[in-house]
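Subject: Structure handover

Hello,

Here is the structure I promised to pass on. My notes on it follow below.

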Amino acid sequence: MFSRSFILLILLAWAIPAAAFADAVPDFAKGGLPYVQKYCITCHSGDRPKAELTLVPFTDAASIVKQRKTWDNALRMIRLGEMPPKNPKPTLPETEAFEAHIKAIFDHHDRNAKPDPGRVTMRRLNRVEYRNTIRDLIGVDFDPTEDFPSDDIGHGFDNIGDVLSISPVLMERYLGAAENIMTRAITPEPPAVIRRHLSTLYSEPASADVGKKLIVNGYRRVSSDGKEAIEVGPVHTPYKWEDDGEYDFRTKVYAHPAVPPDPGAKPPIIRVAILVTGKDLRGPTGEDELKQLVGNVPKGAKILEIVEVKATERGKAQTIQVRVPRLTGRERMMVALVKPAQDQPAVQLFIEYLALDGPLDPRPATHRRLLDVAGGGAKDQPHAQQSRVVMARFLRRAFRRAITDDELDRSLKLIERTMAAGEKWESAVQLAMQAALCSPKFLFRVELDDRPQSPEARALDEFQLASRLSYFIWSTMPDDELLDLAEKNQLTAQLEPQVRRMLADSKSSALVSNFAMQWLQIQRINTISPDGALFASFDDRLRQAMLTETQMFFESIIREDRSILTLIDADYTFLNESLARHYGIADTHGNLIGQKPGKPAGERFSGREFKRVALQDRNRGGLLTQGSVLTVTSNPTRTSPVKRGKWVLEQILGAPPPPPPPDVPE
């Protein structure tokens, strides 16, 4: 659950309705004009007015509002004491009353004016948004933005549309990144299937005696009546797996009784089990079945197949091949003897090697996903139909909206021309996707307007709303659920449930790292170095701990349905050992080091692990008391109340202090 105040903050990022009040318009002729005529009009009238500003046309409130910038500058000069001049000089109450009257005119207009949608700048994806969007759109596992130039900063943020331009260098980087991304994502010439072959001499369980005691003509012996783990097995080895890949496992074996049977006696049935194991393996075999196997078989193993071994001598050894399905949590492959029946003699199994081939489809997972056509019903259709299915799905996600027939047709024609030049279908689709990644429709968050000249406010369309939500909360593209709701015109109706779902997703950590940290302006802590002689305990580890405390604190407010007022008045925080020692806090109950405990002792801190701490001293609660904020608002050798006051005005109250008077030195 999440606080309504925080959800309101997010909804306000979409649209902020104006309040309307039916109060009276302030009368400039009575409240302001006498001041202008007495103190200002002499200099600001005639053919050559001072500062090329004439105040003669301003006779009512409407004329004041039309020239708001002019009057904002005039009020600033009045506050600085530069205007009016000394002769005659207005009294302080007169000036304050005049300022209040002009402000009242502006306030009345702001309250009663029709909402002005203004203009929406095409917002270029910044580096973080580009990287995250590529991750979710393509799925490559590298950072394509490493050599991108840094983003410009506006008002403390790196995602302000008006400052995010595209330089020639950045355009070159986009072109190179698109090619690199798609080269890795789609492989028209897939690599050969990887084949791994391991002699059982080097398998586990291992011992220095394996080669001497258990290897017989290149085969490792496993006995059902052995005394040691190396004798009974199971024989196994670890592998590195692709989570979504299928594999073929092979082994070569023969078996016979440990003691030659009596002449004419029926030979025992000898069976071998092929298993896959892993700590978090999905769908493991039950313990009762695993107990039927010889040796120490770990819990969580999964029997893939049990095979009867009919080969009884080395020259006729039997090859067993088993398909290993897609399973998460795979770690090892095992070959284990099945215990013989109680009335049967002990048996011996001889194993030559363990071999694993795969993944059987060596194409990258990105290749298979991007070019998948089965869901679109085009698996057995001509390439033209497959291209339509693949590109329609890709462009919708890349452009983050419904695509037009013309946009799709252009991509399909590019694929046709590329194939006509002799390239494979996969290469042609790869090129079409690469072109889409260079399109302004991908690189920019475009909000198309069918009435650009209209002054009327109107709602965003559903796809625009989906993008605003996803890039604010996740710093990445909308997922399929958002796009599907937008396509059905149902996103606005389900706005709050979707915000809650998005905040619950792990991707919402971007809201902390990309919004909160820039809002609070505490990234500067990475460039601040307090005086080493005065603050000997300050080091990079403590610096990072201060930053982490603020990140975890802000995220907890989102996750725990807390009031936004918790930001400045909290009874808890998050500390590790170094930061707790810096604050003088002894344990998670907030008891102080060297003082009589106010509460029963809590957990002690250990190393870099962060723990939630219940604060006993409410003077420490909230952002304003956290080390990150205090550090960035200090000087290297001492505290700075001025810097901290400025930080509170700008970052918390949104009311930056006015510039100093011109006669005040630095």
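**Salt bridges and spaces**

Arg195 is exposed, with a relative accessible area of 61%. Here buried means under 20% relative accessible area, exposed over 50%, and partly exposed in between (1.4 Å probe, protein chains only). Arg195 forms a salt bridge with Asp357, the closest N and O atoms being 2.9 Å apart. Asp357 lies in strand 11 (residues 347–357) and Arg195 in strand 2 (residues 195–199), so the pair ties together parts that are 162 residues apart in sequence. Asp357 itself is buried, at 5% relative accessible area.

Some ground rules. This is a predicted model: local features need pLDDT of at least 70, side-chain atom pairs count only at pLDDT 80 or more, and totals for chains, interfaces and linings use all residues. Residues are numbered from 1 along each chain as its sequence is written, and side-chain values use heavy atoms, with hydrogens and water left out. A salt bridge is a side-chain nitrogen of Lys or Arg within 4 Å of a carboxyl oxygen of Asp or Glu. Helices (H or I, at least four residues) and strands (E, at least two) are DSSP runs, numbered from the N terminus.

The structure holds 40 salt bridges. Among them is Arg559 with Glu555, at 3.1 Å, N to O. Both lie in helix 21 (residues 540–559), four residues apart, about one turn of the helix. Arg559 is partly exposed at 28%, and Glu555 is partly exposed at 26%. Another salt bridge joins the side chains of Arg135 and Asp136 (2.9 Å, N to O). Glu246, Asp248, Arg323 and Arg326 are linked in a network of salt bridges.

Now the spaces. On a 1 Å grid over the protein atoms alone, a cavity is a set of points where a 1.4 Å probe fits but cannot get out, and a pocket is an open set with protein on both sides within 12 Å along at least five of seven lines; lining residues have an atom within 4 Å of a point. Grid points are joined across faces, edges and corners, and a volume is the space filled by probe spheres set on the points.

The second largest pocket has a volume of about 530 Å³. Its lining has 27 residues, with Glu242, Pro362, Arg363, Pro364 and Ala365 nearest its centre. Helix 12 (residues 365–370) gives the largest share of that lining, four residues.

One cavity of 30 Å³ or more turns up in the whole structure. The largest cavity holds about 40 Å³ of space. Its lining includes Glu549, Tyr572 and Arg620.

Best wishes
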